[in-house]
Amino acid sequence: ISIETITDACEDSLWTQDLTGKIAVIWRGGCEFSCKAERAQNRGAIGVIIINHTGDAAGMSGGTCGLNVTIPVIMIGREDG
């Protein structure tokens with residue numbers, strides 16, 4: 001498993017850290033941005049930074065889990081990440 005797979009927040013069983021009071025840094029991967037953010041929030045994160053796996057930051061939308069997310073979430077490009 002690559003580091004990007006472990007830190008993309010798509011697999012709950014691989015991502016179990018306590019994030020209380022922290023900002024989660026997550027790779028863009030194969031699942032929705034909003035669900036990544038919700039998983040981080042459920043572990044106590046106060047914000048989320050998603051690193052795009054290729055190129056610049058991409059646009060994000062609320063998706064399936066968006067209405068459940070109350071913490072700030074941003075995306076940055078791979079080079080900045």
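Q: What should I know before reading the numbers?
A: This is a predicted model, in which local features need pLDDT of at least 70 and side-chain atom pairs count only at pLDDT 80 or more, while totals for chains, interfaces and linings use all residues. Residues are numbered from 1 along each chain as its sequence is written, and side-chain values use heavy atoms, with hydrogens and water left out.

Q: What pLDDT does the protein average?
A: The average is 83, and 90% of the residues score at least 70; pLDDT is the predictor's confidence in each residue, from 0 to 100.

Q: Where is confidence lowest, and where highest?
A: It is lowest in helix H1 (residues 3-6), at a mean of 52, and highest in S2, at 93. Helices (H or I, at least four residues) and strands (E, at least two) are DSSP runs, numbered from the N terminus. Where pLDDT is low, the predicted coordinates should not be read in detail.

Q: On to disulfides: how many does the structure hold?
A: It holds one, a disulfide being a pair of cysteine sulfur atoms within 2.5 Å. Cysteine 35 and cysteine 65 form it, with their sulfur atoms 2.2 Å apart.

Q: Why does that pair tie together separate parts?
A: Cysteine 35 lies in helix H2, whereas cysteine 65 is in the loop between strand S2 (47-51) and strand S3 (73-76), so the pair ties together parts that are 30 residues apart in sequence.

Q: Is the disulfide right-handed or left-handed?
A: It is right-handed, because the torsion about the S-S bond of cysteine 35 and cysteine 65 is about 75 degrees.

Q: And are cysteine 35 and cysteine 65 buried or exposed?
A: Cysteine 35 counts as buried at 13% relative accessibility, and cysteine 65 counts as buried at 9%. Buried means under 20% relative accessible area, exposed over 50% and partly exposed in between (1.4 Å probe, protein chains only).

Q: What about serine 34?
A: Serine 34 lies in H2 (residues 33-42) and is buried, with a relative accessible area of 7%. A polar atom of its side chain lies 3.2 Å from the backbone nitrogen of cysteine 65.

Q: How much of H2 is covered?
A: H2 is mostly covered, as nine of its ten residues are buried. Those buried residues pack against strand S1 (23-27), S2 and S3, where contact means heavy atoms within 4.5 Å.

Q: Changing topic, how many residues has the largest nonpolar core?
A: It has 14 residues, and those with the most contacts inside it include Trp15, Ala24, Ala40 and Val48. A nonpolar core is a set of buried Ala, Val, Leu, Ile, Met, Phe, Trp, Tyr and Cys residues joined through side-chain atoms within 4.5 Å.

Q: Which element gives the most to this core?
A: H2 gives the most, with three residues.

Q: How do S1 and S2 pair?
A: They pair in the parallel sense over five bridges; two strands pair if DSSP finds at least two bridges between them. Isoleucine 23 stands opposite glycine 47 in S2.

Q: Lastly, where does cysteine 10 lie?
A: Cysteine 10 lies in the loop between H1 and S1, and counts as buried at 16% relative accessibility. Leaving aside neighbours within four places in sequence, cysteine 10 is in contact with Gly29, Gly30, Cys31, Lys36 and Arg39.

Definitions and conventions
A polar contact is a pair of N or O atoms within 3.5 Å; within protein, one must be able to donate a hydrogen and the other to accept it, and residues adjacent in sequence count only if both atoms are side-chain atoms.
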